[in-house]
Amino acid sequence: MNSYLYLAIAIISEVVATTLLPVTAGFSRLLPSMACGIGYASAFYFLSLATTHISTAVAYAIWCGAGIVLIVLIGAIQGNVPNLDTVFGMVLIIIGIALINMNTPTLH
């Protein structure tokens, strides 16, 4: 399977788990806590698969950056609209990921 597909699954898993964090009520609610834990475990599993053909630096940068941007977008949908500084920071993250991706060789 394509390493970037594994990375996409890792990102989605992490975003779902992070979105569930408030619902866990400090991990005092069993089902949301279990779903959150499974989401994070899945995220790290698929991230580890992605690093077989993508360097760890690139995979982690994309994973973190995409996760941050997606969580902010989900927050915006839920009414937590980001301010201009937050949007500017996300643009910088995207530029940083692009620079890392352009200057790091792919593993074979």
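**How the helices pack**

Tutor: The protein has four helices and zero strands, and when it is read along the sequence its pattern is α-α-α-α. Please keep in mind from the start that this is a predicted model, and that each value below is computed from it. Taken along the principal axes, the box filled by the C-alpha atoms is roughly 45 × 35 × 20 Å. Of the 108 residues in the protein, 31% are buried, and the accessible surface comes to about 6600 Å², with 74% of that surface belonging to carbon and sulfur atoms. If we consider contacts between residues at least 6 apart in sequence, 70% of them join residues that are at least 24 apart.

Let us begin with helix 1, which covers residues 3-20, and helix 3, which covers residues 56-77. These two helices pack at an angle of about 40 degrees, and their axes are 9 Å apart. That angle makes helix 1 oblique to helix 3, because an angle counts as roughly parallel only when it is under 35 degrees. On the side of helix 1, the contact is made by Tyr-4, Leu-7, Ala-10, Ile-11, Glu-14, Val-15, Thr-18 and Thr-19. On the side of helix 3, the residues that make this contact are Ala-59, Ile-62, Trp-63, Ala-66, Gly-67, Leu-70, Ile-71 and Ile-74. As for handedness, helix 1 passes helix 3 in a right-handed crossing.

Helix 3 also packs with helix 4, which covers residues 84-102, at an angle of about 160 degrees and with the axes 9 Å apart. Helix 3 and helix 4 are therefore roughly antiparallel to each other, since that description applies to angles over 145 degrees. The crossing of helix 3 past helix 4 is left-handed. Helix 3 contributes Ala-57, Val-58, Ala-61, Ile-62, Gly-65, Ala-66, Ile-68, Val-69 and Val-72 to this contact, while helix 4 contributes Thr-86, Met-90, Ile-93, Ile-94, Ile-97, Ile-100 and Asn-101.

Ala-43 counts as buried because its relative accessibility is 0%. Not counting residues up to four places away in sequence, Ala-43 touches Ala-10, Ser-13, Glu-14 and Trp-63.

Another residue of helix 2, which covers residues 30-50, is Ser-33. Ser-33 counts as buried because its relative accessibility is 13%, and leaving aside its neighbours within four places in sequence, Ser-33 is in contact with Thr-24, Phe-27 and Ser-28.

Phe-27 is exposed, with a relative accessible area of 52%, and its phi is near 60 degrees, a positive value in a residue other than glycine. Ala-25 is found in the loop between helix 1 and helix 2 as well, and the phi of Ala-25 is near 50 degrees, again a positive value in a residue other than glycine. These values deserve attention because most residues other than glycine have a negative phi. Ala-25 counts as partly exposed, at 42% relative accessibility.

A search of the whole structure finds zero disulfides. The sulfur of Cys-36 has its closest cysteine sulfur in Cys-64, and the distance of 16 Å is too far for a bond. Cys-36 is buried, with a relative accessible area of 0%, whereas Cys-64 counts as partly exposed, at 26% relative accessibility.

Technical notes. Residues are numbered from 1 along each chain as its sequence is written. This is a predicted model: local features need pLDDT of at least 70, side-chain atom pairs count only at pLDDT 80 or more; totals for chains, interfaces and linings use all residues. Side-chain values use heavy atoms; hydrogens and water are left out. Buried means under 20% relative accessible area, exposed over 50%, partly exposed in between (1.4 Å probe, protein chains only). Contact means heavy atoms within 4.5 Å. Accessible areas come from the Shrake-Rupley method with a 1.4 Å probe; for residues, only the protein chains shown count as cover. A disulfide is a pair of cysteine sulfur atoms within 2.5 Å. Axes are lines fitted to C-alpha atoms, for helices over the stretch in contact, and angles run from 0 to 180 degrees between N-to-C directions. Angles under 35 degrees count as roughly parallel, over 145 as roughly antiparallel, 65 to 115 as roughly perpendicular and the rest as oblique. A crossing is left-handed if the near helix is turned anticlockwise from the far one by less than a right angle, and right-handed if clockwise.
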